[in-house]
Amino acid sequence: MLAEELSHFPLFKDLTHEQINKLAPIFWRVTLADGETIFSQGDEARSVYVIESGEVVLRFFPEDGGSVDIERITKDGVFGWSAALGRPHYTSSAICLTSVKAIATNGSDLRRVMRGDKKMSAILIERMAQVVAHRLNSFRSQLKALLDAEESQA
């Protein structure tokens with residue numbers, strides 16, 4: 001269904017036509033509205049998304065209140081990795097800052113296809129690790145800025 005389109009996303013760069021054809025049947029298109037919450041922190045982690053157009057913010061809600069924007073994700077960006085990694089729950093919320101067009105897949109389907117192709121799995125896991133590492137660094141920077149601001153006001 002989406003084989004040609006999948007091959008244009010950086011996430012799937014360097015995958016063979018055969019690998020892309022294994023992935024294509026498990027993806028579908030979604031259209032999301034400006035302001036829509038795609039998933040909330042703590043929701044069951046089910047789907048992984050790749051943005052075709054629009055902007056999404058990942059927002060973390062600490063237990064003591066408030067919120068921290070972890071990252072803004074735009075064209076070609078990926079979010080919902082908790083589902084791909086088999087985590088039970090999302091660790092942040094994903095909220096549309098504009099209308100969004102994306103492709104999505106169930107994390108369980110993605111894991112199943114990856115188990116059947118070790119080379120593809122290695123490529124996608126490496127890319128997941130890069131995304132997760134970048135988000136952790138961004139989150140640390142946001143928390144540090146927040147703590148520094150609170151400390152200077154005290």
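Modeller: D76 is partly exposed, with a relative accessible area of 25%; buried means under 20%, exposed over 50% and partly exposed in between, with a 1.4 Å probe and protein chains only. The model is predicted, so local features need pLDDT of at least 70 and side-chain atom pairs pLDDT 80 or more, while totals for chains, interfaces and linings use all residues. Residues are numbered from 1 along each chain as its sequence is written, and side-chain values use heavy atoms, without hydrogens or water.

D76 belongs to the loop that runs between β5 (68-73) and β6 (78-79), where helices (H or I, at least four residues) and strands (E, at least two) are DSSP runs numbered from the N terminus. The backbone at D76 has a positive phi, near 75°, in a residue other than glycine.

V50 lies in strand β3, residues 47-53. In contrast to the partly exposed D76, V50 is buried, with a relative accessible area of 1%. Between the C-alpha atoms of V50 and V30 the distance is 9.9 Å, and the two residues stand 20 apart in sequence.

The structure holds one cavity of 30 Å³ or more, a cavity being a set of points on a 1 Å grid over the protein atoms alone where a 1.4 Å probe fits but cannot get out. The volume of the largest cavity is about 50 Å³, taken as the space filled by probe spheres set on the points, which are joined across faces, edges and corners. V50 is one of the residues that line this cavity, and the others are L11, F12, F27, V48, W81, L110 and L124, lining residues having an atom within 4 Å of a point.

Two members of this lining, F12 and F27, are both buried. For F27 the relative accessible area is 4%. F27 is placed in strand β1, and its C-alpha atom is separated by 9.2 Å from that of D109, a residue 82 places away along the chain.

The rings around this region can be considered next. Five aromatic pairs are counted, where rings of Phe, Tyr and Trp (its six-membered ring) pair if their centres lie within 6.5 Å, with planes under 30 degrees apart stacked, over 60 edge-to-face and the rest tilted. F12 and F27 make an edge-to-face pair, at 5.7 Å from centre to centre and with 85° between the planes. This pair links distant parts of the chain, 15 residues apart: F12 is in the loop between α1 (3-6) and α2 (17-23), and F27 is in strand β1 (residues 27-32). Elsewhere, ring pairs connect F39, Y49, F79 and Y90 into a cluster.

With neighbours within four places in sequence left aside, R127 is in contact with P10, L11, F12, K13 and D14. R127 counts as buried at 17% relative accessibility. The side chain of R127 also makes a polar contact of 3.3 Å with the side chain of D14; such a contact is a pair of N or O atoms within 3.5 Å, one able to donate a hydrogen and the other to accept it, and residues adjacent in sequence count only if both atoms are side-chain atoms.

D14 is found in the loop between α1 and α2. Its phi is positive, about 75°, although D14 is not a glycine. Whereas D76 is partly exposed, D14 is exposed, with a relative accessible area of 55%.

As to the whole chain, its secondary structure comes to five helices and eight strands. Their order along the sequence is α-α-β-β-β-β-β-β-α-β-β-α-α. Of the 154 residues, 40% count as buried. Among contacts between residues at least 6 apart in sequence, 75% join residues at least 24 apart.

Terms used. Contact means heavy atoms within 4.5 Å. On a 1 Å grid over the protein atoms alone, a cavity is a set of points where a 1.4 Å probe fits but cannot get out, and a pocket is an open set with protein on both sides within 12 Å along at least five of seven lines; lining residues have an atom within 4 Å of a point.
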